[in-house]
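Here are my notes on the aromatic contacts. Have a look at the rings as you read along.

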Amino acid sequence: MPFIGKRNPANPTLGVFVPCDPRIDETSRTRAFNIGRMTARLLARRLRLPDGSTPNIFYCSHLIDSESTADSGAREMKEAGVAGLFIVPDTWFFPGKSAMALTAHFPAETPLACVGGNNAPKPGVVGIDALVGAYAQTGRLCQMIIGNMPETGLEPEFDGKTAEQIVDLGYAMLTRVALRGKRYVAIDTDSMQMETALNQVHAARRFFGLESTRESMKLFADMLQKKGGYDPEELKALRDWVVNVKFRNRIYTNTEEIIKSKKAVLTGLDRVQPPALSADDKKKLDEGLALYLIIRNYLKEVNAIGGGWTSQLAWGSDRRGLPLSTADIAESLFNSTEDHTGKKPVIPFATENDIQALLTMICYCYLSGGQPTLFMDFRKVYEPWEIRKKAAELKVDLKPFEGSSWLEKGFVDGNNSGSASLDYAREAFLFKAIEYYFPGLGFSVSYLSPAGIRGLAGRLAYSDLSGLFTMVQGEAESISLPPLLAEEVCRASDYSWPHTFVTFDELPASLVKMGMPANHFHLVTGLNRRRWQYFSDYACVLNYRWENLPEYSEDLDRPLPMLYRLNGGEIQAKLLQARRG
């Protein structure tokens, strides 16, 4: 069977087939088939799942030019386990006798895409328009790309721009089918009982195909007290890596003293020798590390791809119970690409069991090919006037930074106690939890992210009014401030928690602070707006358009799908789709 590379039964499969005109000459048939196979190779070469493996890419063994070839092509692709379909024409074809006849064998929710070159000889472009238009009139979404390639030759390559569009579309389709039937674990209540963080069980299943396992914290508290659910020898290895490798000479048990002294630890201006760990400190560190192993093993047991945890309230801060060690370090390790075992896949994990945040992180992780997602509080927004005011108070000269994005637009102090991926730190620290806030104590990761981390920053939210999820996001980049100013910003919120200063490319801070739909937001690299939009169309997720942005920016946005053009635009069409589905 024509798979690109070796088939992995555990991974999802995308299929590629080529519809064509039965009247064309043999040379044109060879060219058309080659384009389909080259598209399959492009997808196999570029697409990756979060664990680094390649999805299965299957290309149909023959051209689809009649009802009978459509039936046989569908049969072999269904036997191959194809869950998403790329239609790649180079010539005119009769839609009803070829592509539509083949896709009729697949469930209506199967994601479709039609891609080809803008070629004049025996043109495929008219076939693409005819096919996508036909699907749209039936109320079905078929994404399309009409790109560029040489009009002659047996093995024409898509140009670089078109190839990137196809890869973006491939990731969107892959994420759509890869998430179907996957599971996340929601442990205990929603984020501090805030309804911006509810576990929308039915909506997550309907729009993302995700299942959820809901579990009580009592199970984990019992395992922690019994010293069960993990291997004691592995705990020793993890502790050794944490103490002697990753956080060597950077574990501070005197957090309040550090804060009061105003030592510039995070920027490295001051080097402060940490106190030795006491027996009680070691016990609390072990609690947090054992919790990581317990939760990790539980996630494996139920085949979960992510999870959420509530450190505040019942677990770590309610003195009516027996407060236990904060899960902050565990959450950071899940969201990082390394631990004591070496390199590892990211497991999206949301602090305070914020499941809408977790859904954002899962989608971001899959769409970026496994990049870690940074979980942050939307802690404080610094507008340009306030930056200048603070700098003046500190006697910091801003002249060298005139014209910089953060000085012109402002920035967000992204600051959260848990789920802070170590991948976003140049140098990470551990700080002992402050007792009045977390009487269960334990340790939190802290750091100051370097400048130049580019990607999308945003957040999904759900509304009962529409019955849909909406994504609020924008292109953003981490920035660095003059050290004295950076220290002041870190101390203003929480010094013992991680900080990433984020500036949005096109959005002033004065607007950003009004637009985020919850107290948490998320940053990921390796993902662009167009790729997200392709996925949002497959998942029927609305996209908020910021007030100051144009409706369409070439090279940033995907063109509006034909289905939406025929039904009043993206918002109206998705509302109709949701009502119909």
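1. Phenylalanine 33 is buried, with 19% relative accessible area (buried is under 20%, exposed over 50%, partly exposed in between, using a 1.4 Å probe and protein chains only). Tyrosine 59 also counts as buried, at 14%.

2. Before going further: this is a predicted model, where local features need pLDDT of at least 70, side-chain atom pairs count only at pLDDT 80 or more, and totals for chains, interfaces and linings use all residues. Numbering runs from 1 along each chain as its sequence is written, and side-chain values use heavy atoms, with hydrogens and water left out.

3. Searching the whole structure turns up 27 aromatic pairs (Phe, Tyr or Trp rings, the six-membered one for Trp, with centres within 6.5 Å; planes under 30 degrees apart are stacked, over 60 edge-to-face, the rest tilted). One of them is phenylalanine 33 with tyrosine 59, edge-to-face at 6.0 Å between centres and 65° between planes. That pair ties helix α1 (residues 26-46) to strand β2 (residues 56-59), its partners being 26 residues apart (DSSP runs numbered from the N terminus: helices are H or I, at least four residues; strands are E, at least two).

4. Phenylalanine 334 and phenylalanine 349 are stacked, 4.6 Å centre to centre with 15° between the planes. They sit 15 residues apart, in helix α11 (residues 328-334) and strand β12 (residues 349-351) respectively. Both phenylalanine 334 and phenylalanine 349 are buried.

5. Check the cluster too: Phe207, Phe208, Tyr364, Tyr462, Phe469, Trp532 and Phe535 make up one aromatic cluster.

6. Finally, lysine 380 lies over the face of tyrosine 382, 4.9 Å from the ring centre (the criterion is NZ of Lys or CZ of Arg within 6 Å of the ring centre and within 35 degrees of the ring normal).
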